[in-house]
Amino acid sequence: MSGGIQSKVEQLAHPIVEELSLELVDVEFEKEGKNWFLRVYIDGDNGVDLDDCTAVSERLSESLDEHDPIEQAYYLEVSSPGAERPLKKEKDIENAVGKNVYVTTYAPINGDKAFEGMLAQFDGTTLVIETKDKTRTVPVSVPYDKVAKARLAVVF
């Protein structure tokens with residue numbers, strides 16, 4: 001997605017979401033088949049429900065119509081990021097300490113590029129993930145600048 005569109009939509013969505021005591025998690029603008037989709041992911045302290053998504057969708061739709069940052073036709077979708085919420089910002093990672101995460105890296109660390117386990121610590125520069133190796137827990141230090149993607153992980 002064009003960073004310009006994402007940035008403009010975030011600027012329009014942020015005050016709407018904040019006013020409703022919610023959090024803007026992510027914005028995506030993607031083409032699927034011949035249709036374009038603008039997806040806005042929101043969350044709240046107690047999750048979000050259909051009423052939250054509807055309220056944000058209606059107000060954001062009005063703001064998008066007024067400011068018109070996107071040239072082509074698109075479908076607007078507002079939803080929860082789900083149980084395996086992406087961790088895109090430093091604040092998201094800080095809030096995930098003590099939770100199970102799945103992290104991939106740009107380059108191998110100790111021979112691996114994917115790590116799943118409990119996020120034990122994050123100091124702004126390094127994530128410490130307690131991974132399982134057979135019967136023991138092994139802490140792995142992952143430099144924050146090497147993280148390609150991070151998300152919460154559901155453990156069954």
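Biologist: Where is Asn-110 found?
Modeller: Asn-110 is in the loop between β4 (100-109) and β5 (112-122). Keep in mind that this is a predicted model.

Biologist: What is phi of Asn-110 near?
Modeller: Phi there is near 55°, a positive value in a residue other than glycine. Most residues other than glycine have a negative phi.

Biologist: Is Asn-110 buried or exposed?
Modeller: Asn-110 is exposed, with a relative accessible area of 72%.

Biologist: Which other residue has a positive phi, near 60°?
Modeller: Lys-134 has phi near 60°, and Lys-134 is not a glycine either. Lys-134 lies in the loop between β6 (126-133) and β7 (136-143). With a relative accessible area of 79%, Lys-134 counts as exposed.

Biologist: Stepping back, how many helices and strands does the protein chain have?
Modeller: There are three helices and eight strands. Along the sequence the pattern reads α-β-β-α-β-α-β-β-β-β-β.

Biologist: What box do the C-alpha atoms fill?
Modeller: Roughly 55 × 30 × 30 Å, taken along the principal axes.

Biologist: And how much of the chain is buried?
Modeller: Buried residues make up 34% of the 156 residues. The accessible surface comes to about 9500 Å², and carbon and sulfur atoms hold 46% of that surface.

Biologist: What share of the contacts is between residues 24 or more positions apart?
Modeller: They account for 52% of the contacts with a separation of 6 or more.

Biologist: Give me a buried residue to look at. Where is Ile-93 found, and what does Ile-93 touch?
Modeller: Ile-93 is found in helix α3. Ile-93 is buried, with a relative accessible area of 2%. Leaving out residues up to four places away in sequence, Ile-93 touches Leu-87, Leu-119, Phe-122, Leu-127 and Tyr-144.

Biologist: How many residues apart along the chain are Ile-93 and Tyr-144?
Modeller: They are 51 residues apart along the chain, and their C-alpha atoms are separated by 9.7 Å.

Biologist: Changing topic to charges. How many salt bridges does the structure hold?
Modeller: Eleven salt bridges. Side chains of opposite charge can pair when their charged atoms come close.

Biologist: Which residue meets Arg-85 in a salt bridge?
Modeller: Glu-23 does, at 2.7 Å from N to O. Arg-85 lies in the loop between β3 (75-79) and α3 (90-95) and Glu-23 in strand β1 (residues 23-32), so this pair ties together parts 62 residues apart in sequence.

Biologist: Are Arg-85 and Glu-23 buried or partly exposed?
Modeller: Arg-85 counts as buried at 10% relative accessibility. Glu-23 is partly exposed at 22%, because buried means under 20% relative accessible area.

Biologist: Which residues are linked in the network of salt bridges?
Modeller: The network links Glu-23, Asp-43, Arg-85, Lys-91 and Asp-92.

Biologist: Which residue forms a salt bridge with Lys-88?
Modeller: Asp-26 forms that salt bridge, with the closest N and O atoms 3.1 Å apart. Lys-88 sits in the loop between β3 and α3 and Asp-26 in strand β1, so here too the pair ties together parts that are 62 residues apart in sequence. Asp-26 is buried, at 6% relative accessibility.

Biologist: What about Arg-151, which residue forms a salt bridge with Arg-151?
Modeller: Arg-151 forms a salt bridge with Glu-84, and the closest N and O atoms are 3.2 Å apart. The pair links distant parts of the chain, with Arg-151 in strand β8 (residues 147-152) and Glu-84 in the loop between β3 and α3, 67 residues apart. Arg-151 is partly exposed, with a relative accessible area of 26%. Glu-84 is also partly exposed, at 36% relative accessibility.

Biologist: How many positive and negative charges does the chain have?
Modeller: The chain has 17 positive and 30 negative charges, and their mean positions are 9 Å apart.

Biologist: Which residues gather in a patch of negative charge on the surface?
Modeller: Glu-58, Glu-62, Asp-65, Glu-66, Asp-68 and Glu-71.

Biologist: Pick one of those. Where is Glu-62 found?
Modeller: Glu-62 is in helix α2 (residues 50-67). Glu-62 is exposed, with a relative accessible area of 57%.

How values were computed: Residues are numbered from 1 along each chain as its sequence is written. This is a predicted model: local features need pLDDT of at least 70, side-chain atom pairs count only at pLDDT 80 or more; totals for chains, interfaces and linings use all residues. Side-chain values use heavy atoms; hydrogens and water are left out. Patches are made of residues with over 30% relative accessible area and no salt bridge: like charges are joined within 9 Å, nonpolar side chains (Val, Leu, Ile, Met, Phe, Trp, Tyr) within 5 Å. Accessible areas come from the Shrake-Rupley method with a 1.4 Å probe; for residues, only the protein chains shown count as cover. A salt bridge is a side-chain nitrogen of Lys or Arg within 4 Å of a carboxyl oxygen of Asp or Glu. Lys and Arg count as positive and Asp and Glu as negative; His and the chain ends are not counted. The place of a charge is taken as NZ of Lys, CZ of Arg, CG of Asp or CD of Glu. Helices (H or I, at least four residues) and strands (E, at least two) are DSSP runs, numbered from the N terminus. Buried means under 20% relative accessible area, exposed over 50%, partly exposed in between (1.4 Å probe, protein chains only). Contact means heavy atoms within 4.5 Å.
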